[in-house]
Amino acid sequence: MQHLIHGNMKIGDLVRVSPFITKDPANQKGKEGVIVEIVNNEGFEIVKVRFNKDCYGLYDGDTLEKINYEKVSNKEILQG
């Protein structure tokens, strides 16, 4: 397995899960989180996202939208 950058996303980026995905075992549709790991396993890219201290989810990178830090206030970043 290799750790990669997915498209223009990298570890530490703030992302939002698409509210339109059909399966979401972590139940975080439409919510924001931080990328903690990106893994390529036999051509399939898996992105691990941390939503809070005890909640993580695994997603296909295509289901995530990078949030531009310039549009996010310092207060929102610190609370995440």
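Asn 27 is exposed, with a relative accessible area of 59%. In this predicted model, Asn 27 lies in the loop between β2 and β3. Its phi is near 55°, a positive value in a residue that is not glycine.

## Overall layout

The protein chain has six strands and one helix. Along the sequence the order is β-β-β-β-β-β-α. The protein chain counts 80 residues, and 34% of them are buried. Consider contacts between residues at least 6 apart in sequence. Of these, 47% join residues at least 24 apart.

## Strand pairing

Strand β2 has two partners to look at here. With β3 it pairs in the antiparallel sense, over three bridges. Leu 14 has Val 34 in β3 as its bridge partner. Strand β2 is also joined to β6, residues 64–66, by three bridges, and these two strands run antiparallel as well. Here Arg 16 stands opposite Glu 65 in β6.

In general, side chains in a regular strand alternate between the two faces of the sheet.

## The nonpolar core

Which residues make up the largest nonpolar core? There are 12 in all: Met 9, Val 15, Val 17, Ile 21, Ile 35, Ile 38, Val 47, Val 49, Phe 51, Cys 55, Tyr 59 and Leu 64. The largest share comes from β4, with three residues.

Val 47 is one of the core residues. Set aside its neighbours within four places in sequence. Val 47 is then in contact with Ile 35, Glu 37, Ile 38, Gly 57, Leu 58, Tyr 59, Gly 61 and Leu 64.

## Aromatic rings

A pair of aromatic rings is described by the distance of the centres and the angle of the planes. This structure has one aromatic pair. The ring centres of Phe 51 and Tyr 59 are 6.1 Å apart and the planes meet at 85°, so the pair is edge-to-face; the cut-off for that label is over 60 degrees. Phe 51 is buried, at 11% relative accessibility. Tyr 59 is buried too, with a relative accessible area of 6%. Both residues belong to the largest nonpolar core.

The charged end of Lys 48 sits over the ring of Tyr 56, 4.9 Å from the ring centre.

## Salt bridges

Side chains of opposite charge can pair when their charged atoms come close. How many salt bridges does the structure hold? It holds four.

| Pair | N to O distance |
|---|---|
| Asp 13 and Lys 66 | 3.6 Å |
| Arg 16 and Glu 32 | 2.9 Å |
| Glu 65 and Arg 16 | 3.7 Å |

Take Asp 13 and Lys 66, which form a salt bridge. This pair links distant parts of the chain: Asp 13 is in the loop between β1 (2–3) and β2, Lys 66 is in strand β6, and 53 residues separate them. Is Asp 13 buried or exposed? Asp 13 is buried, with a relative accessible area of 2%. Lys 66 is partly exposed, at 32%.

Arg 16 and Glu 32 also meet in a salt bridge. They too link distant parts of the chain: Arg 16 is in strand β2, Glu 32 is in strand β3, and the two are 16 residues apart. Arg 16 counts as partly exposed, at 27% relative accessibility. Glu 32 is partly exposed, with a relative accessible area of 39%.

Glu 65 meets Arg 16 in a salt bridge as well. Glu 65 in strand β6 and Arg 16 in strand β2 are 49 residues apart, and this pair again links distant parts of the chain. Glu 65 is partly exposed, with a relative accessible area of 45%.

## Putting the pieces together

Arg 16 has a salt bridge with Glu 32 besides. Strand β2, in turn, pairs with β3 and is joined to β6.

Notes: Residues are numbered from 1 along each chain as its sequence is written. This is a predicted model: local features need pLDDT of at least 70, side-chain atom pairs count only at pLDDT 80 or more; totals for chains, interfaces and linings use all residues. Side-chain values use heavy atoms; hydrogens and water are left out. Rings of Phe, Tyr and Trp (its six-membered ring) pair if their centres lie within 6.5 Å; planes under 30 degrees apart count as stacked, over 60 as edge-to-face and the rest as tilted. Buried means under 20% relative accessible area, exposed over 50%, partly exposed in between (1.4 Å probe, protein chains only). A charge sits over a ring if NZ of Lys or CZ of Arg is within 6 Å of the ring centre and within 35 degrees of the ring normal. A nonpolar core is a set of buried Ala, Val, Leu, Ile, Met, Phe, Trp, Tyr and Cys residues joined through side-chain atoms within 4.5 Å. Helices (H or I, at least four residues) and strands (E, at least two) are DSSP runs, numbered from the N terminus. Contact means heavy atoms within 4.5 Å. Two strands pair if DSSP finds at least two bridges between them. A salt bridge is a side-chain nitrogen of Lys or Arg within 4 Å of a carboxyl oxygen of Asp or Glu.
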